[in-house]
Amino acid sequence: MKSEIYLAGGCFWGVEKYLGLLGGVIETEVGYANGHTQSPTYEDVCKGDTGFTEAVRVVYDTDVISFDNLLSHFYNIIDPTTKNRQGADIGDQYRSGIYYTNANETDAIATSLANLQKSYEKPIAVENLPLKNYYKAEEYHQKYLEKNPGGYCHIPEHKHEEARKG
């Protein structure tokens, strides 16, 4: 069965690459989630006043990868205790979040974040919100690291290798 979730964890280039390497992930797409303007561009989002975060739309096969496993992989590539920052990327558009379209997932996300909190002294800063809007990013951002090998990525390459191995 197919399911969909929107995940934000810093620059969307690396998040998309990592999640796309996971077995069971059918499709990824980068875009802008949960802002307060219409049809933002990358330049708009970078100004920091649109409320949008760089996010990845993830379509996955629940028979191959569970929702909990997908979230565990996501947590593996972020610092869940930092607000508006991942690696060298700083700003509101780089905040971490889980944005759902299925209200049945709210409890699973809350439980997952509560379990994650047990591993950290600092509070978890990952948003857990319904997806209120999403706009696909410009085409040059889609699969950016495939088009630009060696391009900037805040996720270390060894994490990508882990994802390839499953």
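The questions below turn to the sheet, then to single residues, and then to the helices.

Reader: What kind of model is this, and how are residues numbered?

Author: This is a predicted model, in which local features need pLDDT of at least 70 and side-chain atom pairs count only at pLDDT 80 or more, while totals for chains, interfaces and linings use all residues. Side-chain values use heavy atoms, with hydrogens and water left out, and residues are numbered from 1 along each chain as its sequence is written.

Reader: What is the order of the strands in the open sheet, and which strands stand at the edges?

Author: Strands are DSSP runs (E, at least two residues), as helices are (H or I, at least four), numbered from the N terminus, and two strands pair if DSSP finds at least two bridges between them. The open sheet has 6 strands with mixed pairing, in the order β7-β6-β1-β3-β2-β8. Each edge strand has a single partner strand, so one side of it is left without a neighbour in the sheet, and the strands in that position are β7 (127–130) and β8 (134–136).

Reader: By how many degrees are neighbouring strands of this sheet turned against each other on average?

Author: Axes here are lines fitted to C-alpha atoms, for helices over the stretch in contact, and angles run from 0 to 180 degrees between N-to-C directions. For neighbouring strands of this sheet the direction is ignored, and the average turn is 35°.

Reader: How many bridges join β3 to β1 and to β2, and in which sense does β3 pair with them?

Author: Strand β3 (residues 53–61) has 8 of its 9 residues buried, where buried means under 20% relative accessible area, exposed over 50% and partly exposed in between (1.4 Å probe, protein chains only). Glu-4 has Val-59 as its bridge partner in β3, and Thr-28 stands opposite Val-58 of β3. With strand β1 (residues 2–9) the pairing is antiparallel over 6 bridges, and with strand β2 (residues 25–33) β3 runs antiparallel, the number of bridges being 8.

Reader: Which strands does β6 pair with, and in which sense?

Author: In strand β6 (residues 96–100), 5 of the 5 residues are buried, so the strand is largely enclosed by the rest of the structure. Gly-9 stands opposite Ser-96 in β6, and Tyr-99 stands opposite Leu-129 in β7. The pairing joins β6 to β1 by 4 bridges in the antiparallel sense, and over 4 bridges in the parallel sense to β7.

Reader: Which residues of β6 point one way and which the other way?

Author: In a regular strand the side chains alternate between the two faces of the sheet. In β6, where all of these residues are buried, Ser-96, Ile-98 and Tyr-100 point one way, and the other way point Gly-97 and Tyr-99.

Reader: Why does Ile-98 count as buried?

Author: Ile-98 is found in strand β6 and touches, among others, Ile-5, Leu-7, Phe-74 and Leu-113, not counting residues up to four places away in sequence, with contact meaning heavy atoms within 4.5 Å. The C-alpha atoms of Ile-98 and Glu-127 are separated by 5.9 Å, although the two residues are 29 apart along the chain. Ile-98 counts as buried because its relative accessibility is 0%.

Reader: At what angle do α3 and α4 pack, and how far apart are their axes?

Author: The contact joins Phe-67, Leu-71 and Tyr-75 in α3 to Ala-108, Ile-109, Ser-112, Leu-113 and Leu-116 in α4. Helix α3 (residues 67–75) and helix α4 (residues 106–117) pack with their axes 11 Å apart, at an angle of about 45°.

Reader: What does the contact of α1 with α6 contain by class?

Author: The axes of α1 and helix α6 (residues 157–165) come within 7 Å and cross at roughly 25°. The contact includes Lys-17 and Tyr-18 of α1 as well as His-160 and Arg-164 of α6. With Ala, Val, Leu, Ile, Met, Phe, Trp, Tyr, Cys and Pro counted as nonpolar, Asp, Glu, Lys and Arg as charged, and the others, Gly among them, as polar, this contact of α1 with α6 has 3 nonpolar, 2 polar and 4 charged residues.
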